[in-house]
Structures are given as C-alpha cells and as structure tokens.
Amino acid sequence: MARPEQVLLLEPQHELKFRGPFSDVVTTNLKLSNPTDRNVCFKVKTTAPRRYCVRPNSGIIEAGTSINVSVMLQPFDYDPNEKSKHKFMVQSMLAPPDMTDMEGVWKEAKPEELMDSKLRCVFEMPVENEKTHDMESNKMMSSSLLKSESSTLPAKSLSSTLDDGEVKKIMEECKRLQMEAQRLREENKQIREDDGLRMRKSNMMSSQHPSVGMKKEEGLSARMVALIVLFFVVGIIVGKLVL
C-alpha cells in the first residue's frame with residue numbers, strides 16, 4: 001500500500017543549501033508548516049548524523065502553525081570536486097487525539113500512517129576572492145572619482161590649499177636659492193677662467209709641488225658638489241609648488 005502524501009509544507013522543498021567557507025559551523029533553516037486542522041508529529045533524519053546537528057529534530061506541530069528547524073553543518077575540509085551525497089528526510093504522521101508518549105507513538109505507527117519528504121544537501125562556496133574583488137572595485141571607483149574631480153579643479157584652487165604666508169616664504173626661499181645658484185655659477189666660471197690663465201704658469205710649479213695642484217682640484221670639486229646639491233634642493237621646492 002502506497003504511503004499517504006506529505007501534509008506538511010516544507011520550505012525549501014527539495015534541497016538544503018549550505019554556503020561556505022566550511023571552516024566553521026554553517027547553519028541553514030528548514031521551515032515546516034502544518035496547514036491541516038490536526039496536530040502533526042514530525043522527525044528529521046539524515047544519512048550523515050555525525051556531520052549535522054538538528055534543533056529541534058522532532059516534535060509536534062499544532063494545527064495551522066509552523067516551526068523553524070535549524071540544521072547545523074559541522075566544520076570539515078571542503079573538496080569542490082566531491083559532490084555531496086548527504087540527504088535529509090522529514091518524516092511525519094497525524095498525532096493521535098489521546099497521545100501521551102511521542103516515542104511510543106512512533107514505535108506503534110503503521111507504515112501506511114507515515115509520510116515523508118526527502119531533501120538533498122548542496123554545498124556552495126562563495127566566489128573566490130569575492131570580497132577582495134569588491135574591495136578592489138570600490139578602490140578603483142574611488143580613485144577614478146578623485147582623478148576626475150582633481151582634473152576639473154584649476155591650478156589656483158589646488159595651490160590655495162596652502163596658506164598664503166607659506167607660499168610667500170617658499171617663493172622667497174626659491175628666489176634666494178636661485179640667486180645663490182647664479183652666484184656660484186659665476187664664481188665657478190671665474191675660477192675656471194683664472195685657472196686657465198694660470199695653467200701655463202702653474203705647470204712648472206705643479207710639477208715641483210704636486211700637493212698644491214691637488215688642493216686646488218679638491219676645492220673645485222667641493223664647489224661643484226655644493227652646486228649640484230643646491231640645484232637638487234631648488235628642484236624639489238619648485239616641484240612642490242607645481243604640484
């Protein structure tokens with residue numbers, strides 16, 4: 001004899017979905033509704049009882065009411081290539097009017113009184129690097145927005161973020177450094193000219209006193225280094241003003 005059709009309404013009807021990661025307990029809910037005018041006893045069974053914790057796993061659903069069953073999947077090493085073969089079965093029967101012992105009712109129940117519904121388990125992993133992708137997308141949107149905004153701002157408004165006093169000081173310092181650089185260039189030019197005029201006269205002296213020539217070369221090298229450093233500082237300051 002065929003079993004009667006399930007009177008309980010299940011939500012979801014056919015499968016329980018568990019969304020990873022599965023390094024911690026993953027919980028999904030199963031809603032059982034009783035649309036009849038009689039109380040219904042129910043039991044929730046699974047093919048992998050060690051892998052799941054079900055609360056409540058049995059009970060009575062009064063006429064016209066519903067109950068939420070929490071199905072908790074225990075942590076495990078997820079293998080995307082392995083398909084889940086776990087299944088759940090919701091077994092039910094109409095509660096006798098004079099029921100006092102639920103376990104006794106299940107033991108004494110006849111096969112033709114039992115109703116059942118089966119659900120398969122589905123494991124889903126979130127898209128790889130989903131959160132990272134969202135963060136990168138937000139970052140790209142923010143950077144493009146800032147770029148578009150900065151491109152529409154005039155140079156004057158960008159420089160106005162600096163205090164007027166600070167801009168004045170930087171300009172004065174820049175002028176002073178430029179004058180100092182010009183002075184050093186002229187001085188270095190004069191030194192080269194003087195050295196050129198003295199070169200012939202100093203050849204004999206240099207051969208007799210080589211240490212004197214070395215000292216002059218060291219003095220010239222020191223001035224050149226100072227000039228290079230000065231140009232570097234001027235370049236940094238001017239670069240800041242342009243930005």
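## Salt bridges

The side chains of glutamate 124 and lysine 17 form a salt bridge at 3.9 Å, N to O (a side-chain nitrogen of Lys or Arg within 4 Å of a carboxyl oxygen of Asp or Glu). This pair joins distant parts of the chain, with glutamate 124 in strand E9 and lysine 17 in strand E2, 107 residues apart; strands (E, at least two residues) are DSSP runs numbered from the N terminus. The model is predicted: local features need pLDDT of at least 70, side-chain atom pairs count only at pLDDT 80 or more, and totals for chains, interfaces and linings use all residues. Residue numbers start from 1 along each chain as its sequence is written, and side-chain values use heavy atoms, without hydrogens and water.

Lysine 17 also pairs with glutamate 15 (3.9 Å, N to O), and glutamate 15 meets arginine 120 at 2.9 Å, N to O. Together, Glu15, Lys17, Arg120 and Glu124 are linked in a salt-bridge network.

## Asparagine 34

Asparagine 34 sits in the loop between strand E3 (26-33) and strand E4 (40-46). With 1% relative accessibility, asparagine 34 counts as buried (under 20% relative accessible area; exposed is over 50%, partly exposed in between, with a 1.4 Å probe and protein chains only). The side chain of asparagine 34 reaches the backbone oxygen of isoleucine 61 at 3.0 Å.

## Confidence

The chain's mean pLDDT is 78, and 67% of its residues reach 70 or more; pLDDT is the predictor's confidence in each residue, from 0 to 100.

Technical notes
Helices (H or I, at least four residues) and strands (E, at least two) are DSSP runs, numbered from the N terminus. A polar contact is a pair of N or O atoms within 3.5 Å; within protein, one must be able to donate a hydrogen and the other to accept it, and residues adjacent in sequence count only if both atoms are side-chain atoms.
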